[in-house]
Amino acid sequence: MGVVLSISVCVGIALLVSVNTPTHAKGQTFIVETMLPKTNISTIGYIEEIHINREKALMLGEMFGFEENSLTYSSEEEYLWKDNAGGILKISNKTGHIRFSTEEMSKPHEDIPTENESISIAKAYVEEIRGKTTDLIVEYADTLYMVTESKNGTTISEEPLSICIKFRQIINNHRVVCGGGILINIGTNGTLLGYTQYTVQAKEFLNVTIIDSQKGLEKIKEKGVTVGGKKPNCKVTNVTLVYYYNPFDKVHVLHPAWEYTLLPTGVESKPIRTYVGGVSGEVII
């Protein structure tokens, strides 16, 4: 489960062009403060179905603390467990996607490991459940809190709920965005409170021609970027070629896409990531 095949891919040479000039679109100004990759060659990855038999499913269920008698539903599509404490586990029979949660996720916890400690603990869980971590990077580790406020909005208390760790999958040196990751919640003494896995296994890749990053930026400018009901000026601080994967699509494919990191004026501390399909040329998010 979750093993990515090693396949040689022909990738075009990326020429870099440095620009720092403002462009305008529908009342917005976009100032590019990064290098714009100039390439029109990438790949589409076709994802392999993963058929999980009952024996394998029960073994995974046991890893999450579910016994065979708590398997409440199974079909060609998925396996589902529920327990009396509110725990739920779903495993897709065709993709290997996993969604696990406990009722304890919504409750305050004490003696939670630090964020760095939680990363190590989370990696150990992934290694046990998925079997490998070599194609993953840590995207972030954040402490989640339950915040209690007064009627006038003053914070009364903040109680820690869990440490949330996000792993991002890497295929052919490209991050897999939107899907293609693992989200883990760690609670008291390193307890696993939640586990969501959308990693993929690619069976083959096809070379395709894509739009270059400058044309992708033009698509974003045409659509505009809205923040809080307004269209502020934006700085473009990073442009990267990634794989875009929607785990809810009927056909599971890794699509090449350009990722643009934008800093809107007034909220520079909250960068926005916007994606343009490399083949379709459409703004995805």
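Trainee: Leaving aside its neighbours within four places in sequence, which residues is Tyr195 in contact with?
Mentor: This is a predicted model, so keep that in mind. In it, Tyr195 is in contact with Phe64, Ile98, Arg99, Phe100 and Val126, and also with Ile129, Arg130, Ile182, Leu183 and Ile184, once neighbours within four places in sequence are set aside.

Trainee: Which residues have the most contacts inside the largest nonpolar core?
Mentor: Phe64, Ile184 and Tyr195. That core has 27 residues.

Trainee: Where does the largest share of this core come from?
Mentor: From helix 2, which supplies four residues. As background, nonpolar side chains tend to be buried together in soluble globular proteins.

Trainee: What lies apart from that core?
Mentor: Another core, of 20 residues. Val32, Val236, Trp258 and Val283 are among them.

Trainee: Back to helix 2. How many residues does helix 2 have, and how far does it reach?
Mentor: Helix 2 has 16 residues. From the first C-alpha to the last is 21 Å, close to the 22 Å expected at 1.5 Å a residue.

Trainee: Which residues are buried in helix 2?
Mentor: Ser118, Ile119, Ala122, Val126, Ile129 and Arg130. They cover an arc of only 105° around the axis, so they are on the same side of helix 2.

Trainee: Why would residues three or four places apart point the same way?
Mentor: Because an α-helix has 3.6 residues a turn.

Trainee: Now Arg130. Buried or exposed?
Mentor: Arg130 counts as buried, because its relative accessibility is 4% and the cut-off is under 20%. Arg130 has its place in helix 2, which covers residues 115–130.

Trainee: Which side chains does a polar contact join to that of Arg130?
Mentor: One is the side chain of Asp135, at 2.8 Å. Another is the side chain of Thr199, at 3.2 Å.

Trainee: On to the strands. Where is Thr240 found?
Mentor: In strand 16, residues 234–245. Thr240 counts as partly exposed, at 25% relative accessibility.

Trainee: What is Thr240 in contact with, leaving aside neighbours within four places in sequence?
Mentor: Ala257, Trp258 and Glu259. Glu259 is 19 residues apart from Thr240 along the chain, yet their C-alpha atoms are separated by 5.2 Å.

Trainee: And which side chain makes a polar contact with the side chain of Thr240?
Mentor: That of Asn238, at 2.9 Å.

Trainee: Last one, Thr261. Which strand is it in, and is it buried or exposed?
Mentor: Thr261 has its place in strand 17, residues 253–264. Thr261 is buried, with a relative accessible area of 9%.

Trainee: What does Thr261 touch, not counting residues up to four places away in sequence?
Mentor: Lys235, Val236, Thr237 and Asn238, plus Pro271, Ile272 and Arg273.

Note on methods
Residues numbered from 1 in each chain as written. Predicted model: local features only at pLDDT ≥ 70, side-chain atom pairs only at ≥ 80, totals over all residues. Heavy atoms only, no water. Helix = DSSP H or I, 4+ residues; strand = E, 2+ residues; numbered from the N terminus. Buried < 20%, exposed > 50% of the residue type's maximum accessible area, 1.4 Å probe, protein only. Polar contact = N/O pair within 3.5 Å; in protein donor to acceptor, adjacent residues only side chain to side chain. Core = buried A, V, L, I, M, F, W, Y, C linked by side-chain atoms within 4.5 Å. Contact = heavy atoms within 4.5 Å. Expected span 1.5 Å × (residues − 1). Arc of directions from axis to C-beta.
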